[in-house]
Amino acid sequence: MGDVGTFPFGWVREFRDDNWQIIWDPKSGLLIAQGAISKKVVELGKSPKWMDAKVYADNVKSDPESFFD
């Protein structure tokens, strides 16, 4: 079995002059947002399980202001 890569959980669009892709790394459990324009990476939190990461990502998408510093 090969290595597991990162898993995209969607986008936060037109927030702080960028579009942010929400990405989860199952190995580290880290959930990040990566700017499509700026290429900035913002650490959002950690979730060890896929379902927890999905819920976390959904919360970020519905209220990004609460998760971006």
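User: Is Phe9 buried or exposed, and what is its relative accessible area?

Analyst: Buried means under 20% relative accessible area, exposed over 50%, and partly exposed in between (1.4 Å probe, protein chains only). Phe9, with a relative accessible area of 7%, is buried. Please note that this is a predicted model, in which local features need pLDDT of at least 70 and side-chain atom pairs count only at pLDDT 80 or more, while totals for chains, interfaces and linings use all residues. Residues are numbered from 1 along each chain as its sequence is written, and side-chain values use heavy atoms, leaving out hydrogens and water.

User: How many aromatic pairs are there?

Analyst: Rings of Phe, Tyr and Trp (its six-membered ring) pair if their centres lie within 6.5 Å; planes under 30 degrees apart count as stacked, over 60 as edge-to-face and the rest as tilted. The count here is seven aromatic pairs. One of them joins Phe9 and Trp24, tilted at 45° with 6.3 Å centre to centre.

User: Where do Phe9 and Trp24 lie?

Analyst: Helices (H or I, at least four residues) and strands (E, at least two) are DSSP runs, numbered from the N terminus. Phe9 belongs to strand β1 (residues 7-15) and Trp24 to strand β2 (residues 18-24), so their pair ties together parts 15 residues apart in sequence.

User: Why is the pair of Phe9 and Trp50 tilted?

Analyst: Their planes stand at 50° and their ring centres 5.8 Å apart, so this pair is tilted. Trp50 lies in helix α1 (residues 50-62), 41 residues from Phe9. Trp50 is partly exposed, at 37% relative accessibility.
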